[in-house]
Structures are given as structure tokens and as C-alpha cells.
Amino acid sequence: MDTDHSPTPLHDLPPHPRNHPEGCHVSLTTKIEWSDTTWNPVTGCTKVSPGCDHCYAETFAERWRGVEGHHFETGFDMTLRPERLREPENWKKPRRIFVNSMSDLFHDDIPDSFIAEVFATMARTPRHTYQVLTKRHGRMRSLLSQPSFRDNLAAVSPHWPLPHVWLGVSVEDQKWADIRIPALLDTPAAIRFISAEPLLGPVDLAGPIVPGRGRPKLTYWLDGRPHWGPEQTDDRGRVFQKHARGPRIDWVIVGGESGPGARPMHPQWARTIRDQCRQSGVPFLFKQWGTWGVDWPLDNKGRIVAGPRRLGITVADDGTVYQPGDLSYPNGPRYGEAVRAGHDRAHLTGMYRLGKKTAGRVLDGRTWDQYPQPPHNA
Ligand code: SF4
């Protein structure tokens with residue numbers, strides 16, 4: 001698996017059922033665009049990096065703390081739910097399942113044996129596709145690299161890594177990209193993905209920065225590190241080696257933050273990642289702008305649809321639209337704040353607190369709904 005990286009065909013899937021309101025690592029408020037359903041054999045977690053600041057799962061669970069008999073009676077405290085371990089076995093139709101949307105499967109407080117049970121259920125149900133997203137890249141790598149972990153699953157599935165289990169890490173900025181992506185590439189997995197949501201700063205997927213030497217020209221996160229494959233012998237007895245590529249990122253999701261206190265995602269951050277994915281033939285999914293969007297919805301006469309007066313919007317003589325608190329460049333009331341947050345002066349644009357629904361998920365005139373091509377079970 002790890003050495004075969006011929007270009008992945010881009011694969012636009014048809015719309016799928018979007019029927020579950022939960023979600024965490026991706027700052028969800030209503031539904032998950034890239035999954036059919038969620039499966040939560042664990043709930044509860046603790047914060048680990050800036051992407052967790054406005055954790056939706058925590059807000060959601062804490063609303064019910066103390067409500068006797070409620071599923072989230074203990075709020076966001078770490079809770080193993082063994083009664084849910086075999087839930088996907090009851091789902092007869094194939095589903096795309098987001099694992100532990102209300103927790104992090106590789107959290108320190110989840111025993112190895114429990115994670116092994118989760119993997120055993122996944123191994124027993126290859127009709128489903130599982131998406132496991134973590135911010136605990138180190139534990140994921142070390143646990144899944146243990147021969148004993150793999151051996152314990154051998155009784156359930158002959159395949160390793162499991163072909164229908166996609167492993168991903170959250171990447172909110174360059175610092176966490178440089179830390180988590182190399183760990184992901186070192187982890188045995190059939191499909192590796194990153195979720196850059198909430199995207200809080202520019203991210204260059206060209207590869208890690210080498211101390212003292214900057215970013216190397218030869219990149220491999222999106223293309224796979226080139227190397228010589230194993231020695232082979234042709235039918236005349238001559239030994240040869242083919243070119244091979246190391247593991248690469250197979251899928252990239254980008255999205256802005258939504259909810260109270262949402263931090264704006266500069267459009268250029270999303271565009272740069274999209275362009276790098278296109279250049280390398282890596283499927284790209286633009287999930288949402290989040291609370292802050294770039295375009296006011298206009299009617300067919302070019303008028304703003306959202307009710308400018310109600311929202312306190314003013315339109316300057318040059319046509320620039322300002323909403324109290326917007327980030328319009330170069331003269332928006334919060335321009336300085338945007339620049340301090342790392343927004344690029346060179347790419348002036350307007351951003352408005354439109355709300356997740358109005359802001360939508362169109363980037364430069366189209367939706368981006370690409371998915372990786374699953375490997376064959378072999
Ligand atoms: S890792 Fe995920 S579930 Fe845990 S606090 Fe962070 S965002 Fe929430």
C-alpha cells in the first residue's frame with residue numbers, strides 16, 4: 001500500500017444522506033458534509049491545540065451536564081460506551097462512518113484494549129467505510145505500528161492496514177501541519193487524510209521545514225517521497241528496481257470555523273491548499289466557509305439579499321459593503337485585527353460575518369466535493 005502512489009483518480013461522489021448533527025474535530029454545528037453517519041463508542045475529550053478552542057462537541061455535551069438520565073449527564077467527561085462497540089454491525093447498508101465525532105479515539109484515557117475493540121468492529125464490517133480523525137497523532141502512530149495490535153486483528157481480517165479505514169489528522173495551521181502530518185505518513189493506513197478545519201492560518205503542504213534550511217524544494221507530503229522499490233528479477237535473471245513513492249496525503253478537507261467567536265479563514269489560505277492539491281492530483285473537499293464568508297448573496301438585480309438595514313450594513317461610495325465588525329480590506333473596521341491574525345495584506349478581500357448557512361461552501365465559483373478512490377480489498 002505504502003509504496004504504490006500512481007496518481008489517484010479524482011472521484012466526485014454523488015450527494016449522500018447527511019443525517020447526523022454531531023461532530024467535533026471539524027467544528028460542526030449541524031451536519032457532516034463528508035460522512036453519512038457518526039459512531040461514538042467514546043464521548044468526552046480534553047483540549048490539545050488551538051483548533052480545539054471552540055470545540056463543538058464540548059459545547060454540545062456540556063449543555064446536558066447534570067440532567068439526570070441524559071446521555072450526556074456527565075457532560076464532556078471521558079466516557080467509554082462499550083454498549084455501542086458493535087453498533088455498525090447492525091447497519092446493513094454500506095455507510096461512510098465518522099468514528100468518534102464526540103471524542104478523540106487516541107486520547108490517553110482510552111485503553112489500548114478498547115481501541116483494539118473499535119478496530120475489531122471495523123475489521124468485521126468491511127461493507128462500511130470508516131473515517132478516523134485525531135489530534136493525538138503520536139499515539140495513533142505508535143499503537144497502530146505495534147505488531148501485537150496487528151496480530152490481534154488477524155483473526156478478524158487478513159488485511160493490514162484495513163482497506164476500508166481512512167486515518168486522518170487535524171491541521172489548523174503550519175505548526176500543527178509540520179507536527180502531525182509526518183506522524184500520519186508514518187502510520188500504517190490504506191487512506192490518509194487531513195482535515196484543515198478550522199483553518200486558522202496559512203498552511204503549505206509542500207513538506208516540513210528543515211531547521212536552518214527552510215522548506216526543501218523536493219516535496220513529498222502530497223506526492224510521496226521518491227525512492228527505489230524492492231529488488232526484482234526479470235525472466236532473464238536480471239535484477240532491477242522500479243521507482244516507488246512513499247506514503248502521501250490522499251485527501252484534504254478544508255473549512256472555516258463556525259459558531260460563537262469563530263475565527264475568519266482568509267480565502268487565500270483555502271485557495272493555496274486547493275491549488276497544491278490540484279497540482280498533485282490529490283482530492284480536495286471544501287467543506288464550508290464557516291461564520292465568515294466572502295460574498296454577500298445577491299439577487300438577480302445585484303441587490304444584497306440578506307436585509308442590509310436589519311444587519312446594520314453600510315455601503316460605501318465605491319460599492320464596498322461594511323457590516324459592523326467586518327474584516328473588509330483595506331478599510332474595514334477590523335482590518336488591523338485581521339492583519340494581526342495573519343491575514344495576508346497582499347491579497348485584499350472582504351470578509352463578512354454572514355453566518356455558516358449564508359456563507360455556504362462555494363470557493364471561486366464552484367463546490368469542491370472530491371473524495372479519494374478506495375483501494376481494492378486485496
Ligand atoms: S480533540 Fe476534538 S473532541 Fe477533543 S477537545 Fe479537541 S476538538 Fe474537541
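Reply: Start with a pairing: strand β9 (residues 226–233) and strand β10 (residues 239–245) run antiparallel over 6 bridges. Trp 228 stands opposite His 243 in β10. This is a predicted model, where local features need pLDDT of at least 70, side-chain atom pairs need 80 or more, and totals for chains, interfaces and linings use all residues. Residues are numbered from 1 along each chain as its sequence is written, and side-chain values use heavy atoms, without hydrogens and water.

Me: Why do β9 and β10 count as paired?

Reply: Two strands pair if DSSP finds at least two bridges between them. β9 and β10 have 6 bridges, so they pair.

Me: What makes the rings of Phe 119 and Phe 149 an edge-to-face pair?

Reply: Rings of Phe, Tyr and Trp (its six-membered ring) pair with centres within 6.5 Å; planes under 30 degrees apart are stacked, over 60 edge-to-face, the rest tilted. Here the centres are 5.3 Å apart and the planes at 80 degrees, so the pair is edge-to-face. Phe 119 lies in helix α2 and Phe 149 in helix α4, so the pair ties together parts 30 residues apart in sequence.

Me: How do you know whether Phe 119 is buried or exposed?

Reply: Buried means under 20% relative accessible area, exposed over 50%, partly exposed in between (1.4 Å probe, protein chains only). Phe 119 has 2%, so it is buried.

Me: Why is Arg 366 said to lie over the face of Trp 368?

Reply: A charge sits over a ring if NZ of Lys or CZ of Arg is within 6 Å of the ring centre and within 35 degrees of the ring normal. Arg 366 lies over the face of Trp 368, at 3.8 Å from the ring centre.

Methods:
Helix = DSSP H or I, 4+ residues; strand = E, 2+ residues; numbered from the N terminus.
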